[in-house]
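Good morning, and thank you for joining. I would like to take you through one structure, from the overall fold to a few individual residues.

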Amino acid sequence: MLDVHPPHEAAHTWKDFFIHIITIVIGLLIAIGLEQTVEAIHHRREVQETREAIQHEREVNRRHFAGATAVFRVETRQLQTNLAVFRYLAAHPHASPSQLPGTVNWHSHLPTFSFSAWETAQHDNVTALMPQREVREDEELYAQLHVVRQSYSDRLAASSRARIYMAADADPTHLSSEQAKEQIKLAEAVLIAEYRLGSDMRNLHANYIDFTPWPTNEELIRIVHEDSYETDYMKEMKRIIAPYSDPLEVP
């Protein structure tokens with residue numbers, strides 16, 4: 001800030017008075033202009049630093065998403081094996097472990113998506129300084145990452161319910177036929193949660209194609225044993241909904 005000092009000598013005429021007033025006004029305008037310039041430079045720096053942080057965080061999340069897709073494919077096969085084991089035990093109570101179609105495994109790998117750069121930008125109100133189209137795109141990406149993370153939590157909860165029997169005895173061959181039938185329902189619920197997770201990951205990729213690889217429609221169909229027409233159905237629904245959607249504009 002500039003300090004504007006009054007003249008050291010008294011004004012003797014109206015001309016001198018107005019010159020002094022104009023001098024003061026000009027000084028104030030210069031001070032305000034300099035302050036606004038410094039503030040604008042600071043805001044531009046804040047926006048640039050925020051963009052770089054969000055872009056870096058996006059790259060991190062893309063890598064985690066790719067890893068999550070690889071893990072999704074492995075865990076889907078394992079969950080299908082779990083279901084096959086309980087179906088076998090329901091039909092063949094107390095079969096020996098060597099007779100089972102596989103080994104039951106409920107372990108899950110949870111990806112770690114990062115949200116800190118976006119949350120900091122919101123907390124510091126830097127998003128108010130950014131173009132709103134850019135803000136909407138970033139906001140939607142993080143919202144979809146939250147959806148995927150929630151789907152992981154739901155799948156984990158379903159897996160926890162399905163493995164309760166292990167608290168008493170981890171060997172599934174010790175289950176009765178009725179217990180095995182109950183486990184079939186729980187294992188199916190886990191697979192449905194897995195399907196929901198894969199669908200949310202696929203939807204994220206559909207809006208942000210740099211998030212690759214992703215669970216494909218064909219992979220998802222195989223989880224719930226739907227016919228291939230489901231893919232055509234989804235394409236038709238997308239065509240119908242398109243005129244009513246509000247796609248994000250990339251700045």
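I shall begin with the basis of the model, then turn to the chain as a whole, and then to particular sites.

This is a predicted model, in which local features need pLDDT of at least 70 and side-chain atom pairs count only at pLDDT 80 or more, while totals for chains, interfaces and linings use all residues. Residues are numbered from 1 along each chain as its sequence is written, and side-chain values use heavy atoms, with hydrogens and water left out.

First, the chain. Its secondary structure consists of 6 helices and 0 strands, where helices (H or I, at least four residues) and strands (E, at least two) are DSSP runs numbered from the N terminus. In sequence order the pattern reads α-α-α-α-α-α. Of the 251 residues, 32% count as buried; buried means under 20% relative accessible area, exposed over 50%, and partly exposed in between, with a 1.4 Å probe and protein chains only. Among contacts (heavy atoms within 4.5 Å) with a separation of 6 or more, 78% are between residues 24 or more positions apart. The accessible surface is about 15,800 Å², and carbon and sulfur atoms contribute 57% of that area. Such areas come from the Shrake-Rupley method with a 1.4 Å probe; for residues, only the protein chains shown count as cover.

Next, helix α1, which covers residues 14-91 and contains phenylalanine 18. Is this phenylalanine 18 buried or partly exposed? Its relative accessible area is 45%, so phenylalanine 18 is partly exposed. Threonine 69 also belongs to helix α1, but with a relative accessible area of 0% threonine 69 is buried. Apart from residues up to four places away in sequence, threonine 69 touches Met201, Pro213, Trp214 and Pro215.

Finally, aspartate 200, located in helix α4, residues 177-207. Aspartate 200 counts as buried because its relative accessibility is 11%. Which residues does it contact, leaving aside neighbours within four places in sequence? They are Val147, Val148 and Ser151. With serine 151, the side chain of aspartate 200 forms a polar contact of 2.4 Å. By polar contact I mean a pair of N or O atoms within 3.5 Å; within protein, one must be able to donate a hydrogen and the other to accept it, and residues adjacent in sequence count only if both atoms are side-chain atoms. Arginine 149 is 51 residues from aspartate 200 along the chain, with 9.4 Å between their C-alpha atoms.
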